[in-house]
Amino acid sequence: MISLLHVSDLHFGPPYHPEVGEAVRKFAHRLRPDCIVASGDFTQRAREEQFAEARAFLDTLPQVPTIVTPGNHDVPLYRGLERLTDPYRYYRKHISKTLDYVTEIPGAVIVSLNSTAPRQAITNGRIHRWQIDLAREAFHGVPDEVHRIVVAHHHFAPPPDWEGADVMPKAKRALDAFTAMRVDMILGGHLHRAYIGNSLDVYAGADREHGIIIAQSGTSTSRRGRAREREKNSLNVLRLGGGVIRITHYMYFDDAGDFVPTSRHLFFRRGRPPLLDDAKEMGHGIESIFMDDRREVRAAGAAAPGAGEG
Ligand SMILES: [Fe+2]
Ligand SMILES: [Fe+2]
C-alpha cells in the first residue's frame, strides 16, 4: 500500500497563509506518507526570496521522495526579458534542477511533466509531443501491478461542474496517449479547487474501458482558493494498493485549526473490480470491497424484488 500526500499551489509571497502552512507541515508528519507530490505554483511572482521560502518549507516536510513540477506562477510574468531568456532560473536553483523527470518508488512510477509555457501560453500551459514520448518511455515495460502516475501543474480535464476552466491546448491528444500507456492517474493543481474524478467524465476518448483518474488539489496554503474552495485550503491523501485507489479530500477549517476530511473517493484500478477469481488472487483488500458490494446488491434485491428492471 502506497500512501501519498498531494499538495499544490503553495503561492509563497503575499497570498501565503503561514498558519495553514504550519497545519500542512504537522499534517504531513502525522501522515508519514511514502511520497509527497507538490504540483506547482510554489510562488506568487517567481521571486528568488519566494522560492527560498518555498524550499525552506519543503525541507521541513517528511524527507520522503517529493515530486515537484513548476506552475505558471513559477515563471516571471512581468519580468519579460527573464521570462524569455531564463524563465526557470530560480525554480531550478531552489526547487528542482530538472523540469521533466521520472521517479520510481516501490509500487509506482511517477512522471513529472513541466506544463508551463513561458513563451507561448503563460496561463493555460502546454504539453509537448516530446514530453508524451518521455512518459511513454518511462512506462514502457513497467510491470502491470506497478501504478503509473503523471504529475503536471495544468489540468488535462476540466471539472465537469465548473465552466470556463480551459484545458491545455492538445489536452485530448495527451489523454489519448496516456490512456494507451495505461496511465492510472494524473495529479495536478492550478484550479485552486479540488476535483477528483475520471477523464471519461469530460472526454470519452477512444477507449471507454480505461479512464484515467484525475486528482486536482486545491491551493494548500494560499488565500487564492476559487469556486467552492474560495478562501479555503485543501489537500488530498491517496492510498494505492490491492487494485484500489482511494483519494480523501481534506479541507482546512479555522475552528479545527487543522485539515479535516470532507469527502472520500474510491476507484477500482483499471475502471472496475477484477472478476471474482482474479479478486481472490489479489488478496483480501479488494476481495472484501468486492464482496461488500455484492452483499449490498443482494440485500437491495431481496428488499425490493424486481427492483432494478427497466
Ligand atoms: Fe496557482
Ligand atoms: Fe497555476
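Predicted model: local features only at pLDDT ≥ 70, side-chain atom pairs only at ≥ 80, totals over all residues.

Reader: Which residues touch the most other members of the largest nonpolar core?

Author: Residues are numbered from 1 along each chain as its sequence is written, while chains are lettered from A and ligands numbered from 1 in the order in which they are written. A nonpolar core is a set of buried Ala, Val, Leu, Ile, Met, Phe, Trp, Tyr and Cys residues joined through C-beta atoms within 7 Å, and buried takes 20 or more other C-beta atoms within 10 Å of a residue's own, against 12 or fewer for exposed and partly exposed in between, with C-beta atoms placed from the backbone. Of the 71 residues in the largest core, the ones you want are Ala 135, Val 150, Phe 178, Met 185 and Ile 186.

Reader: And which helix gives this core its largest share?

Author: Helices here are DSSP runs of H or I, at least four residues, and strands are E runs of at least two, both numbered from the N terminus. The largest share is five residues, and it comes from residues 18-31, helix H1.

Reader: Is Arg 25 buried, exposed or partly exposed?

Author: Arg 25 sits in helix H1. Its contacts (C-beta atoms, placed from the backbone, within 7 Å), leaving aside neighbours within four places in sequence, are Thr 60 and Leu 61. Because it has 15 C-beta neighbours inside 10 Å, Arg 25 counts as partly exposed.

Reader: What's the strand order in the open sheet of six strands?

Author: Strands pair if DSSP finds at least two bridges between them. E1 and E2 are parallel over four bridges, whereas E1 and E10 run antiparallel with five. The edge strands, each pairing on one side only, are E3 (66-68) and E12 (258-268). With mixed pairing overall, the order reads E3-E2-E1-E10-E11-E12.

Reader: Which residue stands opposite Ile 247?

Author: Strand E11 (residues 244-253) is joined to E12 by 10 bridges, and the two run antiparallel. In E12, the residue facing Ile 247 is His 265.

Reader: Where is the pLDDT below 50?

Author: The chain averages a pLDDT of 89, and 87% of the residues score at least 70. The stretch below 50 has three contacts in the model beyond near neighbours in sequence, and covers residues 303-310.

Definitions and conventions
Contact = placed C-beta atoms within 7 Å. pLDDT = per-residue confidence, 0-100.
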